[in-house]
Amino acid sequence: MMNSKKMDTGSKDLISSLPDALLCHVLSFLPTTEAASTSVLAKRWRYLLAFVPNLDLDNTIYDDRPKMGRRKRLEMRKSFKLFVDRVLALQGTAPLKKFSLKCKIGSDPSRVNGWVLNVLERGVQELDLFIASEYEYPLPPKVLMSKTLVSLKVAGTDEFTIEVGEVSLPKLKTLHFSDVSFGDEGGPPFAKLISGCHALEELVMIKMMWDYWEYCSVSNPSLKRVTIDCQNIDENPKSVSFNTPNLVYLEFTDTVAAKYPEAIFDSLVEASVGIRMTDDQVWDARDLVHSHRGYKRCKGANAAGFFKGICNVKILYLSSEALEVCI
């Protein structure tokens, strides 16, 4: 028992001797609610949260509890909002490296927008947002005009929308989208967004739908890695182009497009391709086989331009659906 007490005392003395900057660095690896709870340990810890460079805030954990009633869930959401307000007020204008926010909101997005604008003004470098809402939630336009963002990850539900107006993200290297919608006024906004990221190296798009756009273009000479998983099922995209001369890795899943006017992959090393026919095209093609009239390439779509573009890739993985498209 004596040895145990001595070790505990020694550990406390060791932690107490650490400088504030190092303690804040350690706290930055914890969820912010846990980092805040350390304020009760001692008087010295009370205001350390004000200088923690990373904030990780998540209220979705409350909604995953099946036995929690609606009233209790709403109370927890309200409490979470007050907590975030207090943390941001405590930190004031202190520089921030990373802001991660996962939350479910109601009909008024102004509270969340206020938090996002707060961290943008403080020069946040990494912004990670997951917003679930029963109502439309538009991403604040100032996010796409940040001079400090290096990484932007945005995810949500079908109601999370991105209206692409002015775009200037000069330092952005990583861009992730998952299950979000783009406004389609003035043509496909996607190409405009990508073109405004001059330092972009990694692009990830999950659960995207672009079959209703006139065309989609992934064009950026700085891109090194691209992962695209589209959810188009019943329609073929009209036109899909790639102008990525320095791309080394491509993972692409989509319904085969009507055409691929541009497929520039001069530096491609590895590709995983999962392009597929629509259900109707699959049945039509197989009917031809069963009627002994041969197997015909999917009507209304042509992947020849895409496969010609990746013909010099060193490592290639094709899904079974992609093989059907190739026949």
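**Serine 241 and onward**

Mentor: Start with serine 241, which has its place in strand β12 (residues 240–243). Strands here are DSSP runs of E with at least two residues, helices are runs of H or I with at least four, and both are numbered from the N terminus.

Trainee: Is serine 241 buried or exposed?
Mentor: Serine 241 counts as buried, at 9% relative accessibility. Buried means under 20% relative accessible area, exposed means over 50%, and partly exposed is in between, with a 1.4 Å probe and protein chains only.

Trainee: What is serine 241 in contact with, leaving aside its neighbours within four places in sequence?
Mentor: Cys216, Ser217, Val218, Pro261 and Glu262 are in contact with serine 241. A contact is a pair of heavy atoms within 4.5 Å.

Trainee: Where do these numbers come from?
Mentor: This is a predicted model, so local features need pLDDT of at least 70 and side-chain atom pairs count only at pLDDT 80 or more, while totals for chains, interfaces and linings use all residues. Residues are numbered from 1 along each chain as its sequence is written, and side-chain values use heavy atoms, with hydrogens and water left out.

Trainee: What is the mean pLDDT?
Mentor: The mean pLDDT of the protein is 80, and 70% of its residues reach 70 or more. pLDDT is the predictor's confidence in each residue, from 0 to 100.

Trainee: Change of topic. How many helices and strands are there?
Mentor: The protein has ten helices and 16 strands. Of its 327 residues, 44% count as buried. Among contacts with a separation of 6 or more, 57% are between residues 24 or more positions apart.

Trainee: How many aromatic pairs does a search find?
Mentor: Eight, over the whole structure. Rings of Phe, Tyr and Trp (its six-membered ring) pair if their centres lie within 6.5 Å; planes under 30 degrees apart are stacked, over 60 edge-to-face, and the rest tilted. Tyrosine 260 and phenylalanine 306 have ring centres 5.5 Å apart and planes at 45 degrees, so that pair is tilted.

Trainee: Where do tyrosine 260 and phenylalanine 306 lie?
Mentor: Tyrosine 260 is in the loop between β13 (249–253) and β14 (263–264), and phenylalanine 306 is in helix α9 (residues 304–309), so the pair ties together parts 46 residues apart in sequence. Tyrosine 260 is buried at 7% relative accessibility, and phenylalanine 306 is buried at 0%.

Trainee: What does phenylalanine 306 form with phenylalanine 307?
Mentor: An edge-to-face aromatic pair, 5.6 Å centre to centre with 75 degrees between the planes. Both residues are buried.

Trainee: Last one: where is aspartate 179?
Mentor: Aspartate 179 is in the loop between β7 (174–178) and β8 (181–182). Aspartate 179 has a positive phi of about 55 degrees although it is not a glycine, and its relative accessible area of 19% makes it buried.
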